[in-house]
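Look at the fold before reading the answers.

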Amino acid sequence: MDFNKLFSLEGRVALVTGGHRGIGRMISEGFLAQGAKVYISGRKADACDAAAAEMGDNCVSVPGDVSTVEGCQALAAEIAKHETKLDILINNAGVAWGEEYLSFPEAGWDKVMDTNVKGLFFLTQALHPQLKAAASFDRPAKVVNIASIDGFRVNPWETYSYQASKAAVVHLTRKMASKLVSDDIIMSGIAPGAFASNMNKAARDHEDAVEKGIPAKRIGRPEDMAAAAIYLSSSAGDYVIGTTLIVDGGVVNASNPDASIQP
């Protein structure tokens, strides 16, 4: 068995939403290193263009907003101008909103749900023709949804719509996977823990404090996220369907709730 080939993305075409920064960029850089051609999207065209230029000729900027159905369809149409087939879709674009319960606004609910849940569904739907065109029994197309450990546990912050949205992503991944597999399109997910990013400012700005609550005793590194995405998106992950892989250093499944209690 050729394990280099098993984890290779040579010749594959990927779209990473929100691929210009944070976790999306970690994944994009990993894919590029494994031989993929990577399209990255983001709402801010200048930032997206600059990131693509930094990542090299095999990275292409396709700015877009996936928070509306129209935006999803426009991004899919732009991809169709460049590619007739799409091997990998990483639904990574996401937003968060934090505010006290009694003052939490409708805008903070709708913005998060529209981007994190609705956008994921309708972009995958809009790109179905390209994904199906790339898919075969021997080499299925892949869709990987980026959830969060907050979809599995309650965090201490008042981010009501964000936590609800990420729990929705975990279950939506199961539901959509059961449909897409019939077209040789495999859907799975990743639930990141603490990785330094604009979304996770605590991990970015207070690493020493955050790592104290992580069984692995450190926050996630770019290679941790890239490796998980490469595994699921390459032939190595062909038999992983509907599962959301938790990549968090043990916070969800290996934390000891009594660790702070001294005998």
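Q: In which sense do strands β1 and β2 pair?
A: This is a predicted model, where local features need pLDDT of at least 70, side-chain atom pairs count only at pLDDT 80 or more, and totals for chains, interfaces and linings use all residues. Residues are numbered from 1 along each chain as its sequence is written, and side-chain values use heavy atoms, with hydrogens and water left out. β1 (residues 13-17) and β2 are joined over five bridges, and the sense is parallel.

Q: How many residues of strand β2 are buried?
A: Buried means under 20% relative accessible area, exposed over 50%, and partly exposed in between (1.4 Å probe, protein chains only). β2 spans residues 37-41 and is mostly covered. Of its five residues, the buried ones number four.

Q: Which residue in β3 stands opposite Val 38?
A: β2 also pairs with strand β3 (residues 59-61), in the parallel sense, over three bridges. Opposite Val 38 stands Cys 59.

Q: Through which helix does the chain cross from β2 to β3?
A: This β-α-β crossover is right-handed. The helix spans residues 45-55 and is α3.

Q: How many disulfides does a search of the whole structure find?
A: A disulfide is a pair of cysteine sulfur atoms within 2.5 Å. The sulfur of Cys 48 is 7.7 Å from the closest cysteine sulfur, in Cys 59, so it is too far for a bond. Cys 72 is in no disulfide either, with the nearest cysteine sulfur, that of Cys 48, 15 Å away. The search finds zero.

Q: Is Cys 72 buried or exposed?
A: Its relative accessible area is 0%. Cys 72 is therefore buried.

Q: What is the C-alpha to C-alpha distance between Asp 183 and Lys 132?
A: Asp 183 lies in the loop between α7 and β6, and Lys 132 in helix α6 (residues 128-134). Asp 183 is partly exposed at 22%, and Lys 132 is partly exposed at 45%. The two are 51 residues apart in sequence. In space, C-alpha to C-alpha, the distance is 6.4 Å.

Q: How far apart in space are Lys 132 and Asp 87?
A: In sequence, they are 45 residues apart. C-alpha to C-alpha, they are 8.7 Å apart.

Q: What is the phi of Asp 184?
A: Most residues other than glycine have a negative phi. Asp 184 sits in the loop between α7 (160-180) and β6 (185-192), and is partly exposed at 26%. Its phi is positive, near 60 degrees.

Q: What is the phi of Lys 217?
A: Lys 217 lies in the loop between α9 (207-211) and α10 (222-233). At 67% relative accessibility, Lys 217 counts as exposed. Although Lys 217 is not a glycine, its phi is positive, at about 65 degrees.

Notes:
Helix = DSSP H or I, 4+ residues; strand = E, 2+ residues; numbered from the N terminus. Pairing = 2+ DSSP bridges. Right-handed = clockwise from strand over helix to strand, strands pointing away.
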